[in-house]
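Okay, everyone, let's get the picture up on the screen.

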Amino acid sequence: MKYVYILESLDRLHFYVGITDDLRARWAKHNAGEVPHTSKFGPWRLKTYVAFSNAKQAVAFERYLKSAFGRAFAKKRL
């Protein structure tokens with residue numbers, strides 16, 4: 001399974017979209033400061049995630065969420 005996830009900083013000012021095979025381990029790395037892009041804005045809470053059995057679809061959905069339309073969708077719907 002591939003997981004596309006959205007993290008939200010506890011101050012609710014920062015969001016992060018990512019993809020992983022092991023959601024719990026990746027989330028723990030974000031909160032431990034082991035991911036350079038997210039280390040300065042943690043701690044993080046898991047806002048939402050979607051599981052995909054097809055890796056190609058997961059990558060496409062992650063790319064969409066990182067686009068302007070996808071960010072607007074996520075902000076409004078997720």
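**Salt bridges and a pocket**

Let me start with Lys66, which is partly exposed at 42% relative accessibility; partly exposed sits between buried, under 20% relative accessible area, and exposed, over 50%, using a 1.4 Å probe and protein chains only. Before I go on, this is a predicted model, where local features need pLDDT of at least 70 and side-chain atom pairs count only at pLDDT 80 or more, while totals for chains, interfaces and linings use all residues. Numbering runs from 1 along each chain as its sequence is written, and side-chain values use heavy atoms, leaving out hydrogens and water.

So what does the side chain of Lys66 meet in a salt bridge? That's Glu62, at 3.1 Å, N to O. By salt bridge I mean a side-chain nitrogen of Lys or Arg within 4 Å of a carboxyl oxygen of Asp or Glu. Glu62 itself is buried, at 13%.

How many of these turn up in a search of the whole structure? There are 3. Another one joins Lys2 and Asp21, at 2.9 Å, N to O. Lys2 is in strand E1 (residues 2-9), and Asp21 is in the loop between strand E2 (15-20) and helix H1 (23-32), so this pair ties together parts 19 residues apart in sequence. Those labels are DSSP runs numbered from the N terminus: helices, H or I, have at least four residues, and strands, E, at least two. Both ends are partly exposed, Lys2 at 26% and Asp21 at 49%.

Then there's Arg45 with Glu8, at 2.4 Å, N to O. Arg45 belongs to strand E3 (residues 44-52) and Glu8 to strand E1, so here the parts tied together are 37 residues apart in sequence. Is Glu8 buried or exposed? Buried, at 4%, whereas Arg45 is partly exposed at 32%.

A pocket here, on a 1 Å grid over the protein atoms alone, is an open set of points where a 1.4 Å probe fits, with protein on both sides within 12 Å along at least five of seven lines; lining residues have an atom within 4 Å of a point. The volume of the largest pocket is about 270 Å³, meaning the space filled by probe spheres set on the points.

That's it from me, thanks!
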